[in-house]
Amino acid sequence: MKEEQFIKVNSNTWRELEDFSIIINKKGVKNLSSEDVVKFLRSFRYCSNNLAYATTHYPKSDIVSYLNSLVSKCHNHIYAVKKISPSYLIKYITYDFPMF
C-alpha cells in the first residue's frame with residue numbers, strides 16, 4: 001500500500017485516538033464511559049498496529065514519528081503508575097506480606 005493511501009485509510013482512527021487523548025488529559029480516564037474506554041483501547045491497539053506497519057514499510061516517513069508520539073501518549077494513559085500512599089505500604093508490609 002502506498003503511504004498516501006495508508007494515511008487516507010487510517011487517519012480517522014488516528015484523529016479519534018487524538019480526541020480521546022485530549023479528553024483524558026483534561027478530565028482523566030475515570031470520567032470516560034465504559035463504551036468510550038472500549039473505543040479508546042480499540043483505537044490504541046489499531047494505531048499501535050499502524051505504527052508497526054508504518055515502521056516496516058515507511059521507516060523514514062514523518063508518519064512514523066507522528067504515530068510513535070500518539071501511541072506513546074496514549075500508552076502513558078493506559079499504563080500510568082498508581083501512587084502508593086505510605087499507610088498502604090506499611091499495611092502491606094506488616095499485614096499482607098507476612099501472609100505469604
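View 1. Exposed here means over 50% relative accessible area, buried means under 20%, and partly exposed lies in between (1.4 Å probe, protein chains only). Before going further, please note that this is a predicted model, in which local features need pLDDT of at least 70 and side-chain atom pairs count only at pLDDT 80 or more, while totals for chains, interfaces and linings use all residues. Residues are numbered from 1 along each chain as its sequence is written, and side-chain values use heavy atoms, leaving out hydrogens and water. Now turn to the buried side of H3: what sits there is Ile-63, Val-64, Leu-67, Leu-70, Val-71, Cys-74 and His-77. These residues lie on the same side of H3 because they cover an arc of only 150 degrees around the axis. The arc is that of the directions from the helix axis to the C-beta atoms.

**View 2. Helix H3 runs from residue 62 to residue 78.** Its 17 residues reach 25 Å from the first C-alpha to the last, close to the 24 Å expected at 1.5 Å a residue. The expected span is 1.5 Å times one less than the number of residues. Helices (H or I, at least four residues) are DSSP runs, numbered from the N terminus.

**View 3. A search of the whole structure for disulfides finds 0.** Cys-47 is in no disulfide, and its nearest cysteine sulfur, that of Cys-74, is 7.4 Å away. To count as a disulfide, a pair of cysteine sulfur atoms must be within 2.5 Å. Cys-47 is buried, with a relative accessible area of 0%. Cys-74 is likewise buried, at 0%.

**View 4. Ile-84, Tyr-88, Leu-89, Tyr-92 and Ile-93 form a nonpolar patch on the surface.** Together they have about 500 Å² of accessible area, computed by the Shrake-Rupley method with a 1.4 Å probe, and only the protein chains shown count as cover for residues. Such a patch joins nonpolar side chains (Val, Leu, Ile, Met, Phe, Trp, Tyr) within 5 Å, or like charges within 9 Å, from residues with over 30% relative accessible area and no salt bridge. A salt bridge is a side-chain nitrogen of Lys or Arg within 4 Å of a carboxyl oxygen of Asp or Glu. Look for Leu-89 in helix H4 (residues 86-96); at 43% relative accessibility, Leu-89 counts as partly exposed.

**View 5. Phe-6 belongs to helix H1 (residues 3-27).** Phe-6 is buried, with a relative accessible area of 2%. The C-alpha atoms of Phe-6 and Leu-32 are separated by 29 Å.

Note on methods: Helices (H or I, at least four residues) and strands (E, at least two) are DSSP runs, numbered from the N terminus.
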